[in-house]
Amino acid sequence: MEKLPIALYIIPSLIMFCCGVYGFITRKNMIAILISLELMLNSVDINFVVFNRFLYPGQLEGMMFTLFAIAIAAAETALAIAIIVNIFRAVKNIDIRDLNKMKF
Amino acid sequence: MESVGSIVMYSIIVAAIIIFSILTVTTRRILRAATYLLFTLFATAGLYFMLDYEFLGAVQIAVYAGGIVVLVVFSILLTSKPGDTSSKLTSKKRVVGLAASVASLAVLGYAIASRCDFWSTFVKPSETGFDMHLLGSMLLGTGKYQYLLPFEAVSVLLLACIIGGVVIARKR
C-alpha cells in the first residue's frame, strides 16, 4: 500500500479543497455553503493523515489532529444548522442575498 | 513492487473523490449535493482504510457519513421544498469563484510540484501496521504526547454544542 508517493495522495485532497473554495464563493444557499465548508475540512484531514502515515509512521499525532478535527466539525455543523433553521423561521428563506440585516 | 489490486483500488477511490467533489459544488439540486458529499466522504474513508488507519476510517464513516450528512439532509428537507433548484449562476459570480479556486490550485500545486520529496515515499516497511494499544494510551494518557486534556475539552465542547443548539433552535 505505502509504495505510492505522497503526491498521489495530496493532489486529490488539493482538488477537493479547490472545489470547496469554488462552492463557498459561488453558492447562495446557506446549507450548500456549509457543504462546501465540509469539503474543505475533509481535504485538510486527508493531508494530516497522509503526512502522519508517510513521514512518522510510528507516531499518531496527525491521526489525533484528524480525530479532534472531526469532532469539532460535527459540533460546528450542528450549531450552524441550528442557526440556519432559526434564520429560516425568521425570514422564510436561507438565501444569503436576502440576509442583509443584522437584526430581524 | 506495488500490487495491481491496490493500484486499481487507489484509482477508483481517487476518481470517486475528484468526480464527486466536483459534482458536489456544481449540481443545482441541494439534496443531490448532500448525496455527492456523502459519496466523497465514503471515498475519503476508503483512502484511510488504504493507508491502514482502520479506526480513523470507521470514525469517518460513523461521524461524517452517519452524523453530519444526516443532519444536513434533515435541515435541507426542513428548509426547502423537494424539487427546488438553485437559480442559475451569474457569470460574474462564477468568474470570481473560478478565479479563487484556480489561484489556490496554482499556488498549492506549485508548492507540491516544487518539492521533489513529495514524489518519493518515506514509510519504512518495518513500521507498517497500526497499533490500537498505542492509540488508546495516547488518547487517554496524561504524559508527554498524550491527549487526555484535549479529549475532555472536546467532551465539554460537545456538551456546550448540544445546549447551544437547543437554545438557538427552540421556539420562542
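A residue counts as buried if 20 or more other C-beta atoms lie within 10 Å of its own, as exposed if 12 or fewer do, and as partly exposed in between, with C-beta atoms placed from the backbone. Leu47(B) is buried because it has 25 C-beta neighbours inside 10 Å. Leu47(B) belongs to helix α2 of chain B. Helices here are DSSP runs of H or I with at least four residues, strands are runs of E with at least two, and both are numbered from the N terminus.

Leaving aside residues up to four places away in sequence, Leu47(B) touches Ile46(A) and Ile13(B). Touching, or contact, means that the C-beta atoms of two residues, placed from the backbone, lie within 7 Å. Leu47(B) and Gly57(B) are 10 residues apart along the chain, and their C-alpha atoms are separated by 7.9 Å.

## Model and numbering

This is a predicted model, in which local features need pLDDT of at least 70 and side-chain atom pairs count only at pLDDT 80 or more, while totals for chains, interfaces and linings use all residues. Residues are numbered from 1 along each chain as its sequence is written, and chains are lettered from A and ligands numbered from 1 in the order in which they are written.

## Domains of chain B

Chain B is divided into domain 1 (1-87), domain 2 (89-121) and domain 3 (131-172). These bounds come from an automatic or database domain assignment. Taken over C-alpha atoms, the centres of domain 1 and domain 2 of chain B are 21 Å apart.

## Helix packing

α1(B) packs on α2(B) at an angle of about 155°, with the axes 8 Å apart. Axes are lines fitted to C-alpha atoms, for helices over the stretch in contact, and angles run from 0 to 180 degrees between N-to-C directions. The pair is therefore roughly antiparallel. That term covers angles over 145 degrees; under 35 is roughly parallel, 65 to 115 roughly perpendicular, and the rest oblique. Residues in this contact include Ile13(B) of α1(B) and Leu47(B) of α2(B). By class, the contact has 14 nonpolar, 5 polar and no charged residues. Ala, Val, Leu, Ile, Met, Phe, Trp, Tyr, Cys and Pro count as nonpolar, Asp, Glu, Lys and Arg as charged, and the others, Gly among them, as polar.

α2(B) also meets α3(B). Their axes come within 8 Å and cross at roughly 175°. So α2(B) is roughly antiparallel to α3(B). Among the contact residues are Leu37(B) and Thr44(B) of α2(B), and Glu54(B) and Gly57(B) of α3(B). This contact divides into 18 nonpolar, 3 polar and 1 charged.

## The side facing chain A

Contact between the chains involves 72 residues of chain B and 59 residues of chain A. On chain B, the elements that give two or more residues are α1 (4-26), α2 (30-50), α3 (54-79), α4 (91-114), α5 (132-139) and α6 (148-169). The largest share, 13 residues, comes from α3(B). By class, this side of chain B has 47 nonpolar, 19 polar and 6 charged residues.

## Two positive phi values

Most residues other than glycine have a negative phi. Asp52(B) has a positive phi, near 70°. Asp52(B) sits in the loop between α2 and α3 of chain B. With 16 C-beta neighbours inside 10 Å, Asp52(B) is partly exposed.

Tyr145(B) also has a positive phi, about 60°. Tyr145(B) lies in the loop between α5 and α6 of chain B. Tyr145(B) is exposed because it has 10 C-beta neighbours inside 10 Å.
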